[in-house]
Amino acid sequence: MKAITVEPKKPGSAQYEDFPEPEENEGSVLVEAVAVGVCGTDVEIVEGKYGWAPPGKTRLVLGHESLGRVIDPGPRSSLKPGDLVVGIVRRPDPVPCPNCAVGEWDMCTNGQYTERGIKEIHGFMSERWRIEPEFAIKVDSSLGILGVLLEPMTVITKALEQILLIGQRAYWEPKTALVTGAGPIGLLAALRLSVRNLQLHVLDRAETGLKPELVRALGATYHAGRVLDLDFSPDVIVECMGVGSVIADSVQKVGAGGIICLTGVGAGGVASRAVADVAAAAVLKNNVIVGSVNANKRHWYRAGQNLANSDREWLSRLITRREKPENFHQALERQPDDVKTIIQFSEV
Ligand code: BGC
């Protein structure tokens with residue numbers, strides 16, 4: 001079969017190549033790939049900045065935002081041939097740490113977890129893949145290709161759960177929410193926040209185009225400026241850019257008792273504010289700045305429900321580009337109007 005593979009930490013090593021069929025020990029459910037979403041993590045892996053091959057191997061099959069069709073459900077699953085499934089990304093560490101022991105692998109404390117297409121287990125950018133039945137999430141068949149948005153939706157489901165849990169530390173009546181970044185994660189965050197009783201704002205660099213349109217379609221207010229220029233102090237900020245200056249501005253701007261949830265992974269940048277000043281602002285306003293990564297089964301289950309209940313027409317506008325596997329290089333290059341690019345292996 002064909003697969004998109006990479007030699008992690010070796011820039012320019014990604015290839016669409018012949019690759020052995022998935023091994024039986026990768027799971028008893030055999031799946032035909034339909035599509036795989038591309039995200040910033042994939043770009044980082046291809047650029048040689050992130051990623052780990054399986055032990056004893058040099059190459060890793062890329063891809064963690066999956067959608068596939070069951071070919072063979074195997075002996076111990078309730079799936080049927082033809083079901084649409086998405087694979088959970090993370091596997092618990094083998095020790096296991098207390099969090100992995102209770103199924104909260106997203107909160108793994110020893111870093112020995114593995115992740116499909118990212119860390120030590122092959123991903124989903126291959127014509128066929130295998131999965132353990134307990135890590136295969138069946139998606140509502142009426143979602144069709146939109147099932148490929150499930151993985152990013154899980155990331156947001158976890159992040160918003162964290163915010164709600166943290167909010168319970170005191171009497172909390174949030175009125176305004178700000179999402180920074182109108183990429184797939186930011187827009188899905190906005191979608192989920194739009195069903196709550198909040199004044200919703202989304203900020204991004206794009207001045208025109210699809211992003212402002214999608215935000216306004218949710219009944220939210222779009223801003224193309226800086227966080228510091230906003231004329232209100234958000235009670236909740238979901239940061240989806242990973243940009244240092246946006247984070248520092250958010251800490252300054254967030255309201256008293258407000259919560260900032262960081263979901264973006266960035267690097268470097270210029271320190272625009274002294275750390276002690278940022279910390280003092282957080283202390284004096286009782287703020288919580290929380291990082292959130294990955295998702296466990298509870299989030300996958302909820303995200304599946306949330307996706308199935310969302311406006312399909314709005315969701316379909318998030319998929320702005322479909323590329324063939326042989327054109328994966330184009331899929332990984334960001335174009336100005338991109339929201340979510342997917343690599344499509346077969347028709348849904
Ligand atoms: C994935 C997460 C993963 C994280 C860190 C993200 O792109 O969506 O599942 O935990 O990268 O590897």
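The model is predicted: local features need pLDDT of at least 70, side-chain atom pairs count only at pLDDT 80 or more, and totals for chains, interfaces and linings use all residues. Residues are numbered from 1 along each chain as its sequence is written, and side-chain values use heavy atoms, with hydrogens and water left out.

**Stop 1: the ligand**

Now show distances to oxygen atoms of the ligand. A polar side-chain atom of Thr 41 is 2.6 Å from one. For Glu 115, an N or O atom of the side chain is 2.5 Å from a ligand oxygen, and for His 64 the distance from a polar side-chain atom is 3.4 Å. The ligand taken alone exposes 310 Å², of which the protein buries 87%; such areas come from the Shrake-Rupley method with a 1.4 Å probe, and for residues only the protein chains shown count as cover.

**Stop 2: Asp 106**

Select Asp 106, in the loop between α2 (98–101) and β8 (114–116). Helices (H or I, at least four residues) and strands (E, at least two) are DSSP runs, numbered from the N terminus. Is Asp 106 buried or exposed? Asp 106 has a relative accessible area of 4%, so it is buried; buried means under 20%, exposed over 50%, and partly exposed in between (1.4 Å probe, protein chains only).

The side chain of Asp 106 makes polar contacts with those of Lys 158, at 3.1 Å, and Asn 296, at 3.0 Å. A polar contact is a pair of N or O atoms within 3.5 Å; within protein, one must be able to donate a hydrogen and the other to accept it, and residues adjacent in sequence count only if both atoms are side-chain atoms.

**Stop 3: the nonpolar cores**

A nonpolar core is a set of buried Ala, Val, Leu, Ile, Met, Phe, Trp, Tyr and Cys residues joined through side-chain atoms within 4.5 Å. The largest has 92 residues, and Met 125, Val 179, Val 238, Leu 315 and Leu 318 touch the most other members. Helix α3 (residues 150–167) gives the most to this core, with seven residues. A second, separate core has 12 residues, including Leu 203, Ile 237, Met 241 and Val 254.

Next select Leu 193 in helix α4 (residues 184–194). Leu 193 is buried, at 5% relative accessible area. Leaving aside neighbours within four places in sequence, its contacts (heavy atoms within 4.5 Å) include Leu 160, Val 179 and Val 238.

**Stop 4: helix α6**

Select residues 244–253, helix α6; its buried residues are Val 246, Ala 248, Asp 249, Ser 250, Val 251 and Lys 253. Among the elements covering them are β12 (176–180), β15 (236–239) and α7 (275–284).

**Stop 5: Glu 323**

End at Glu 323 in strand β18 (residues 319–323). Glu 323 is buried, with a relative accessible area of 15%. Its side chain and that of Arg 321 are joined by a polar contact of 2.7 Å.
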